[in-house]
Amino acid sequence: MTTTNPDWARAVKILERAGQACLACHVRPDADALGSMLALGLALQDRLTVLASFDDEALDVPAGLGFLPGRELLVPAGRLPGRPEVMVSLDTSSPDRLGALAGRAAAAGQLIVLDHHASNTGFGTLNIVDPQAAATAVLAHELIERLGIRLTRDIALCLYTGLVADTGSFKYSSVTPAVHRLAAELLSYGIDPAQVSRELYDRAPFGYLGLLSAALGRAVLEPDSARGLGLVWTTVTLADRNRAGLPLDAAESVIDELRRTDEAEVAAVLKQADDGTWQVSVRSKSIVDVGKACAALGGGGHARAAGFWYVGGEGPAGAAARESAGAAARESAGAGLAAEGAIAALRRELGRP
Ligand SMILES: [Mn+2]
């Protein structure tokens with residue numbers, strides 16, 4: 001797959017001349033972020049020194065991504081040089097999403113930004129940002145190809161995992177013939193697609209069933225929201241997670257159940273983090289640009305899949321919005337005032353033409 005961005009040639013030149021490359025991806029990395037980063041790291045490691053990292057001290061690889069190869073390339077953020085010669089940021093729409101690595105990215109001699117978020121702020125010295133790309137893995141693959149590096153089974157597994165995750169198993173509208181051709185090429189390296197699906201989607205501890213049941217049981221349908229196209233939403237509270245003993249990322253797939261709802265173009269799941277703040281995941285089917293709505297709320301993402309963090313409080317327009325929230329929303333068990341503030345804010349953005 002090739003695009004015509006002239007920065008490709010510059011990126012290749014920079015990486016061919018570099019002695020060391022620092023790779024970074026966004027905090028709490030998902031499969032595309034981590035998969036793309038590890039794929040590029042594995043590809044580059046025979047030519048130069050690779051230091052890959054995300055966020056902070058703990059460097060916890062999310063539970064479901066423990067099967068990805070290349071984790072030996074990961075080092076704590078503090079081990080990266082203060083002013084990297086060359087840094088590559090993957091799947092990250094803005095520097096603040098790099099967490100503890102933001103300062104190093106700003107100080108880097110060259111910062112190559114490889115991303116597919118339409119909301120990308122273009123914070124690199126060189127930006128290869130393609131919102132048409134189904135995953136950052138597609139761009140990482142193109143970079144590896146342009147560097148003339150042969151794929152291995154491990155590189156292919158990392159790229160394929162990112163591709164599967166960001167296309168929802170090849171279900172989203174971003175899936176093109178080229179995406180399937182890339183998948184076919186990656187599969188030819190002998191990776192097991194059933195293993196990737198199982199790791200990404202088809203497994204959960206028993207406690208997840210209780211969490212899912214609680215969340216689905218309090219789902220609210222608002223046919224009039226999103227300019228009459230319908231909004232369905234629910235919460236996953238800290239209490240739900242504590243009962244099941246599950247971390248925040250275990251609630252990731254609740255949205256996939258909610259978004260089935262025929263009566264709603266938009267689905268949202270409000271997930272309460274350990275510190276009480278809310279991570280809001282939003283999906284749309286075919287009309288509403290939820291990326292735009294979430295960007296207006298300080299988050300970002302894609303047209304059909306996006307999110308934002310809601311710190312609490314109701315915001316300036318919150319009280320008024322809450323009045324119009326309707327009894328169902330107010331009564332939704334366990335949602336709490338802050339969740340209501342978050343959904344009111346989202347409802348307001350979705351209501352804009
Ligand atoms: Mn991505």
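Which residues in α2 meet which residues in α5? In this predicted model, A31, D32, G35, S36, L38, A39, L42 and A43 in α2 meet D154, I155, C158, L159, T161, G162, A165 and D166 in α5.

## The α2–α5 pair

Nine nonpolar, four polar and three charged residues make up the contact of α2 with α5. Helix α2 spans residues 31–44, and helix α5 spans residues 153–166. Their axes come within 8 Å and cross at roughly 160 degrees. Angles over 145 degrees count as roughly antiparallel, so α2 is roughly antiparallel to α5. The crossing of α2 past α5 is left-handed.

## The sheet

Five strands form an open sheet with parallel pairing. Their order is β2-β1-β3-β4-β5. The edge strands, β2 (49–54) and β5 (126–129), each pair on one side only. On average, neighbouring strands of this sheet are turned by 15 degrees against each other, direction ignored.

Strand β1 (residues 20–25) pairs with strand β3 (residues 86–90) over four bridges, in the parallel sense. L23 stands opposite V88 in β3.

## Helices on the sheet

Helix α2 also packs on the sheet, where α2 touches β1, β2 and β3. The direction of α2 makes about 170 degrees with that of β1. Helix α4 (residues 136–146) lies across β3, β4 (110–115) and β5. The angle of α4 to β4 is about 130 degrees.

## Two domains

The protein is divided into domain 1 (7–200) and domain 2 (207–350). Their C-alpha centres lie 29 Å apart. Domain 1 gives nine residues to the contact, and domain 2 gives nine residues. On the side of domain 1 that touches domain 2, four residues are nonpolar, four polar and one charged.

Definitions and conventions: Residues are numbered from 1 along each chain as its sequence is written. This is a predicted model: local features need pLDDT of at least 70, side-chain atom pairs count only at pLDDT 80 or more; totals for chains, interfaces and linings use all residues. Axes are lines fitted to C-alpha atoms, for helices over the stretch in contact, and angles run from 0 to 180 degrees between N-to-C directions. Helices (H or I, at least four residues) and strands (E, at least two) are DSSP runs, numbered from the N terminus. Angles under 35 degrees count as roughly parallel, over 145 as roughly antiparallel, 65 to 115 as roughly perpendicular and the rest as oblique. A crossing is left-handed if the near helix is turned anticlockwise from the far one by less than a right angle, and right-handed if clockwise. Two residues are in contact if their C-beta atoms, placed from the backbone, lie within 7 Å. Ala, Val, Leu, Ile, Met, Phe, Trp, Tyr, Cys and Pro count as nonpolar, Asp, Glu, Lys and Arg as charged, and the others, Gly among them, as polar. Domain bounds come from an automatic or database domain assignment. Two strands pair if DSSP finds at least two bridges between them.
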